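I opened this model to see how one of its chains is packed. These are my notes, in the order I took them.

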Amino acid sequence: MARYNPPEQSKAGQVFDIAVVVVAIFVALWLPLKLGLAGAAKSIDPLDAKTWDALGQNATMASIWEKLGYTPETAHDIIQNRFHYIIDWPTLIIMAIVLIAYFVFLFRASDKEYREVINEKFDDK
Amino acid sequence: MTAAVETGLTTTIHGDRVSLLRVLGPAHVWALGVGIVLVGEFTGWNFAADKGGALAALIVCWIVGLLYTSVAMIDSEVTSTVAAAGGQYAQAKHIVGPLMAFNVALFLVFAYTMLEVSDAILLGDTIVAKAGVEGLTHNSFIAATIVVLAWLNYRGVLMTLNVNFVITAIAYVSIVILFFSVSPWTQGAVLKLNELVTPGNALPYGWIGVIAAFQFGIWYYLGIEGTTQAAEEVRSPARSLPYGTMAGMITLLIAAAMTWYVCASLMPWEYLGITYYPLWDAGKLTGSPLLENLLFIATLLAALASANGCINDAARAWFSLGRDRYLPSWFSAVHPKYRTPYRSILFLLPIALAFAFIADLNQAITFSILSGVLQYTFMSINIMMFRKKWPLGSIRRGYTHPFHPLPAIVLFCLCMVTFFAIFLGFGSQLIAMTVFYFLISLWFHFYRYKFVRRGDQFSMPWPKPQGY
């Protein structure tokens with residue numbers, strides 16, 4: 001197999017590629033934050049009676065909360081802020097499809113490239 | 001991974017070929033891994049309690065420990081054979097292909113950069129909380145941490161890493177001191193596990209909470225696989241890598257168990273699940289000013305040591321991408337005086353700063369965990385391909401891990417569970433990150449790959465792989 005000689009990349013081309021990578025990084029990491037899609041999906045289950053008892057805290061727990069500087073009122077939003085694990089099947093299916101498609105593409109495209117590497121490496125000898 | 005900075009990266013400077021020196025032993029490998037990971041005991045693991053309760057945090061501590069034991073076993077075999085700098089990146093290049101290597105390097109960069117961001121946020125928040133001054137924000141501390149550590153890495157980090165080893169040891173010893181100071185063999189005096197973790201609240205969300213907790217269970221150990229970055233610098237990869245990595249895992253398992261026991265016995269799970277500094281809080285709750293201050297300092301030291309190692313590793317992975325032309329070769333420059341990948345260090349600096357200011361701690365940790373789990377998924381498949389392409393006996397292996405393919409299967413299954421765990425509460429982030437990796441892979445395969453020299457990607461003196 002003939003040895004592949006890659007083209008030399010111009011400085012402008014390198015700068016452009018760097019810009020593409022930076023934009024991609026910020027879109028992937030920053031956009032979910034900006035759109036409020038990142039972070040824990042939690043919500044507060046409010047209670048009318050804000051007492052340690054109503055919050056499910058025994059005497060030992062209550063004494064520790066107080067040692068940490070909390071009252072039943074200030075601890076309420078921490079204790080009652082809960083996850084609600086309801087499986088959203090459409091989202092789960094989308095996530096599975098995206099993950100599987102990503103890995104399938106990754107291994108298939110890598111294998112195609114790998115064959116070129118192996119052919120050039122071993123056919124040279 | 002780290003000594004490469006001082007010993008030099010394989011490159012040519014003023015006509016002299018600079019190569020990596022084989023100076024490290026198992027103790028260095030241990031220190032490299034534990035140094036980055038130990039901060040996980042000081043913050044992050046406790047968010048597992050938020051997702052599933054205190055008992056769930058303990059269950060995932062052990063099950064995720066099994067995941068990482070599989071990682072360490074697999075890594076030890078592949079890395080002791082593919083003894084090239086770059087760790088999993090070099091493995092992917094030789095076993096799967098360039099696109100996979102490109103992705104693995106990105107996994108490494110993002111896992112380490114976001115870990116660095118988490119470390120800086122932790123450090124800033126800890127100082128602000130200690131100062132207790134109205135209006136004081138963490139921004140200046142975060143910026144100072146990231147900039148100063150980047151500067152140290154720019155200048156060369158051999159001395160910094162020696163200091164790193166010491167401060168990691170101090171942070172580890174502080175956990176041991178805390179553990180023995182609270183009379184762990186006696187309940188009721190200081191520790192009140194029975195009253196804080198009750199049958200009614202041990203698993204507040206049931207078993208689905210345990211699965212959800214896997215996400216932050218990863219944080220107990222995330223980064224231990226970084227030991228493989230030192231493959232070219234250890235005197236005896238066959239001996240040092242397995243011993244150093246497995247010793248690191250054992251150390252971390254012990255630290256994780258002690259941390260959980262003390263913290264779960266000192267604070268209600270609802271608070272444990274949201275605090276940014278569980279060990280420092282534990283120190284406070286003992287009522288001992290000495291322990292409180294010791295854990296405060298240890299939290300800062302663990303964060304500093306981890307961030308420093310992360311800057312080093314992320315820059316090295318980014319540098320490798322430039323050196324192999326997977327990214328513009330501009331990144332592959334080595335500083336003529338300090339012999340550091342200075343352009344990569346400088347390039348990643350504003351990215352880390354930006355995310356330290358716009359993300360909060362658990363978001364940054366989730367970004368890091370996501371990249372880590374994608375990498376572990378690759379590793380489970382990678383070892384199967386490695387054994388298939390070069391069966392036992394066909395090449396000289398530094399170390400052959402036992403029970404194959406069981407560790408690979410265990411690792412793969414636990415990765416799937418962890419993806420589901422991330423979906424439970426952080427699903428949008430997972431999809432966004434995967435879409436990013438997908439799109440950037442398309443960009444690489446259909447455009448960027450044309451700049452890559454094909455045959456140069458395979459540098460090991462092995463026979464042709466079977467099936468090719």
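**Core of chain B**

I looked up the largest nonpolar core first: of its 194 residues, B:Tyr68, B:Phe102, B:Tyr221 and B:Trp318 touch the most other members. A nonpolar core here is a set of buried Ala, Val, Leu, Ile, Met, Phe, Trp, Tyr and Cys residues joined through side-chain atoms within 4.5 Å. Buried means under 20% relative accessible area, with a 1.4 Å probe and protein chains only.

I then listed the contacts (heavy atoms within 4.5 Å) of B:Trp318, leaving aside its neighbours within four places in sequence. B:Trp318 touches A:Val21 and A:Ile25 of chain A, and in chain B its contacts include B:Leu106, B:Phe331 and B:Phe347. I also noted a second, separate core of five residues, B:Leu24 and B:Val234 among them.

**Source notes**

The model is predicted: local features need pLDDT of at least 70, side-chain atom pairs count only at pLDDT 80 or more, and totals for chains, interfaces and linings use all residues. Residues are numbered from 1 along each chain as its sequence is written, chains are lettered from A and ligands numbered from 1 in the order in which they are written, and side-chain values use heavy atoms, without hydrogens and water.

**Whole chain**

I checked burial next: 68% of the 468 residues in chain B are buried. I found that 83% of the contacts in chain B between residues at least 6 apart in sequence join residues at least 24 apart. The C-alpha atoms of chain B fill a box of roughly 65 × 45 × 40 Å, taken along the principal axes.

Methods:
Buried < 20%, exposed > 50% of the residue type's maximum accessible area, 1.4 Å probe, protein only.
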